[in-house]
Each structure stands twice: as C-alpha cells, then as structure tokens.
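Please examine the sequence and the three-dimensional structure shown below. The briefing that follows is arranged by topic.

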Amino acid sequence: MSRVKSEPDIAKIGLVLAISKNTKEVIGSAGFKDFPDSNGMIEIGYGIVPQMQNQGLGKELLLGMWNFISKDPRVKILRYVVNESNRPSMHIIRSIGFPEVGQQIDPEEGVEIIFEMPIQEFLRSLSS
C-alpha cells in the first residue's frame, strides 16, 4: 500500500482483475511487476482461476494487458517468465509467437523460461 501512496501510477499497472461478463465474478488477474526498466522492458504476471482455465481467457488477458501497455512510450520490450513445467502457460506464450530468450532459476519455482518480444514486433503481430 505504501508504494501506491508514493507512486500512484503503479496502481494502474500493478493489478488488473479479470471479471466474467456473465457472472460478474473475478476469474483472474494480471499485472506488470514494475514500471519499464532502463531498457524499456516490462514483465507481466497473470493467472486464471482453475475452473475457468482452458477457455482462452489467459491468452485474452495477456493480449489485452500488452495492448494496453503498448501505448506507454517507455515500453520497448514485453517479457513473460514461466516455470518450464507450466504447460498451459507455455502453450499460450508460444501460440502468441514470443521467442524464448533465456532461462533463470527461481529459488522457489525452479527453472523458469524467459520469453521476450520487442513492442513493435508485438504490435505488428496483432495487425496481421
């Protein structure tokens, strides 16, 4: 809460709730982990409640968030990091066309795959 007080703009990107049009219930959330870094890279995290998975909502949420943040001129690179065992998320990010650029070890999660795409390439992919 203190970060929102000191940097109110983080509230605009830090957490977005996905709400079902039909039931008006929260079905997921997404958010950027921080503002773009000095290279213009911004990393996203997201989740869909288990009973709503496998309906295309995760992909829709990711695309919507990235489309939204693409209007920020500071953003140059979109990043998504996922545990290699998370098959649904691996499928989504690959179906969008994000290339794998590396790996990292998370102390709690283990091996994570890093996917990145320049914002201009992402925007071109939306229009094709």
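A residue is called buried when its relative accessible area is under 20%, exposed when it is over 50%, and partly exposed in between (1.4 Å probe, protein chains only). Helices (H or I, at least four residues) and strands (E, at least two) are DSSP runs, numbered from the N terminus. The model is a predicted one, in which local features need pLDDT of at least 70 and side-chain atom pairs count only at pLDDT 80 or more, while totals for chains, interfaces and linings use all residues. Residues are numbered from 1 along each chain as its sequence is written, and side-chain values use heavy atoms, with hydrogens and water left out.

- In helix 4 (87-96), the buried residues are Ser 89, Met 90, Ile 92, Ile 93 and Ile 96. They lie on the same side of helix 4 because they cover an arc of only 160° around the axis, the arc being that of the directions from the helix axis to the C-beta atoms.
- Arg 87 and His 91, on the other side of helix 4, are exposed.
- Helix 3 (residues 57-69) buries Leu 57, Gly 58, Leu 61, Leu 62, Met 65, Trp 66 and Ile 69. These residues also cover an arc of only 160° around the axis, so they are on the same side of helix 3.
- The 13 residues of helix 3 should span 18 Å at 1.5 Å a residue, which agrees with the 18 Å between its end C-alpha atoms. The expected span is 1.5 Å times one less than the number of residues.

**Strands**

- Two strands pair if DSSP finds at least two bridges between them.
- Strand 1 (residues 16-19) pairs with strand 2 in the antiparallel sense over four bridges, and Val 16 stands opposite Ala 30 in strand 2.
- Strand 2 (residues 26-32) has five of its seven residues buried.
- Strand 2 also runs antiparallel to strand 3 (residues 41-48), to which five bridges join it. Phe 32 stands opposite Ile 44 in strand 3.

**The hairpin loop**

- Six residues lie between the strands in the hairpin of strand 1 and strand 2, where Lys 24 takes a positive phi near 65°.
- Lys 21 is placed in the loop between strand 1 and strand 2, and counts as exposed at 73% relative accessibility.
- The C-alpha atoms of Lys 21 and Glu 7 are separated by 31 Å, although these residues are 14 residues apart along the chain.

**Pockets**

- On a 1 Å grid over the protein atoms alone, a pocket is an open set of points with protein on both sides within 12 Å along at least five of seven lines, and lining residues have an atom within 4 Å of a point. Grid points are joined across faces, edges and corners, and a volume is the space filled by probe spheres set on the points.
- The largest pocket has a volume of about 540 Å³. Its lining comprises 28 residues, of which Tyr 46, Tyr 80, Asn 86, Pro 88 and Ser 89 lie nearest its centre.
- Strand 3 gives the most to the lining of the largest pocket, with six residues.
- The second largest pocket has a volume of about 280 Å³. Among the residues that line it are Ala 18, Lys 21, Ile 27, Met 52, Leu 57 and Leu 61.
- Helix 3 supplies the largest share of the lining of the second largest pocket, three residues.

Notes
On a 1 Å grid over the protein atoms alone, a cavity is a set of points where a 1.4 Å probe fits but cannot get out, and a pocket is an open set with protein on both sides within 12 Å along at least five of seven lines; lining residues have an atom within 4 Å of a point.
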